[in-house]
Amino acid sequence: MPTPLPPDYHLHTPLCKHAVGAPAEYRAAAHARGIEEICFTDHVPTPDAYDARHRMALSDFPTYREMIAALQDENLPKVHFGIEADYYEGCEDFLRQWLPAQNFDLVLGSVHYLDDWGFDSPDELPRWSSVDVPSVWRNYFDCVVRLANTRLFDVVGHFDLPKKFGHRISETTLKAAAVPALDAVAAAGMGIEINTSGYRRPAKEQYPAVLLLSLARERNIPICFGSDAHQPEEVGHEFETAIAVARVAGYTQTTRFEKRRPQPLAL
Ligand SMILES: [Zn+2]
Ligand SMILES: [Zn+2]
C-alpha cells in the first residue's frame, strides 16, 4: 500500500458564500484521492461585519457545526471540525473568548486584509497597481508577527499570500521581511500550512515558497497540508507536488491535529 496522502486541513463550505458543494461531497472527493483525514476550516464568522460578504454570519455557526458533526462517523476519511480565523486589528477580544468555547480540532490563522484592503481578493486587485509592493509584503509579515503573538491560532494559513497574483519581490527582501514572522511563529509553537491553492492562481506554486519553507524547517516549525478547496474537485489538489517540495525543504513529517493538539505523522 502506498503511504496515504497527508490530511487535508483547509476545506470550505457554501456557508462562506463563495464555495460550492456539500461537505459530504468534499469528503467523498477526499476518499477518492486516498486522503484519510480532513478538517473543515471555513471562514470564521465575526461580530463586527468585518468582510461579511466572504463568510458565514454568527447565526449560521450552529448550522456549520451540525453539518460537520453529521459527517463524524466511523468511516474514512475521518472528519475534523476547524475554522480559518482572520487576524485583523480589533479581532482579539472576540476570538479570545469565542475560539476556546467551540471545541475546534484546528484553528488556522490567516491575514486577508491590510487595513481596509482585501489584498488577496480579485475584486480589489486594481489597488496593487498604486502601492509599493515591497511595503505591502513588509506590512503583511508585520501582521503575521502580531497574529503569532496573540497565541490564539494553531497554524498560519497561506504564509506568503501576497504573491497570489504574481506580485513578487527579491529573495533578499522576502527573507528580510519573513524572518521575523517565522521567528514569531516558532516562538508561539505554531505550525504553518503548505497551501496548494497557489497552484490555481498566478503564483503557480504552493504557499509558502520553498525558500521560506526551508527557513521554517531550520526553526523546527511543524507543517500541515491544505488545499483551500472551495469546491469538492479541489480537495487534495497538487498534494503530490507539495509533498515533494516539503521533502526538498527537509521535512519528513506532517502534523495531525485533534482538539488543537498536534501530533507528528510520517510523510
Ligand atoms: Zn474563501
Ligand atoms: Zn484564506
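Predicted model: local features only at pLDDT ≥ 70, side-chain atom pairs only at ≥ 80, totals over all residues.
Thr254 touches Pro6, Ile223, Cys224, Phe225, Leu265 and Leu267, leaving aside residues up to four places away in sequence. Thr254 belongs to strand S8, which covers residues 253–258. A residue counts as buried when 20 or more other C-beta atoms lie within 10 Å of its own. Asp154 is 100 residues away from Thr254 in sequence, and their C-alpha atoms are 14 Å apart.

Ala70 sits in the loop that joins helix H2 (61–69) to strand S3 (78–86). Ala24 is 46 residues from Ala70 along the chain, with 9.1 Å between the two C-alpha atoms.

How many of the nine residues of S3 are buried? Nine of the nine are, so the strand is largely enclosed by the rest of the structure. Lys78, His80, Gly82, Glu84 and Asp86 are buried on one side of S3, and Val79, Phe81, Ile83 and Ala85 are buried on the other, so that both faces are covered.

| Strand paired with S3 | Sense | Bridges |
|---|---|---|
| S2 (residues 37–43) | parallel | seven bridges |
| S4 (residues 106–110) | parallel | five bridges |

Together, S2, H2 and S3 form a β-α-β unit that is right-handed. On the S4 side, Ala85 has Gly109 as its bridge partner. From S3 the chain passes through helix H3 (residues 92–98) to reach S4, in a β-α-β crossover that is also right-handed.

**Helix H7**

Which residues of helix H7 (residues 239–248) are buried? They are Phe239, Ala242 and Ala246. These residues cover an arc of only 60° around the axis, and this places them on the same side of H7. An α-helix has 3.6 residues a turn, so residues three or four places apart point the same way. The buried residues of H7 pack against strand S6 (191–195), helix H6 (210–218) and strand S7 (223–226). Glu240, Ala244, Arg247 and Val248 lie on the other side of H7 and are exposed. Just after the helix, Gly250 takes a positive phi of about 105°.

**The nonpolar core**

The largest nonpolar core has 68 residues, and those that touch the most other members are Leu106, Val144, Phe153, Val155, Val156, Val185 and Ile192. For Val185, the contacts are Ala148, Val156, Met190, Ile192 and Ile221, again not counting residues up to four places away in sequence. In soluble globular proteins, nonpolar side chains tend to be buried together.

**The whole chain**

The protein contains seven helices and nine strands. Its radius of gyration is 17 Å, close to the 18 Å that the globule rule gives for 267 residues, so the protein is as compact as a globular protein of that length. The C-alpha trace spans about 50 × 45 × 30 Å along its principal axes. Of the 267 residues, 47% count as buried. Among contacts between residues at least 6 apart in sequence, 79% join residues at least 24 apart.

Conventions
Residues numbered from 1 in each chain as written. Chains lettered and ligands numbered in written order. Helix = DSSP H or I, 4+ residues; strand = E, 2+ residues; numbered from the N terminus. Contact = placed C-beta atoms within 7 Å. Buried ≥ 20, exposed ≤ 12 C-beta atoms within 10 Å, placed from the backbone. Pairing = 2+ DSSP bridges. Right-handed = clockwise from strand over helix to strand, strands pointing away. Core = buried A, V, L, I, M, F, W, Y, C linked by C-beta atoms within 7 Å. Rg over C-alpha atoms; globule rule 2.2 N^0.38 Å. Arc of directions from axis to C-beta.
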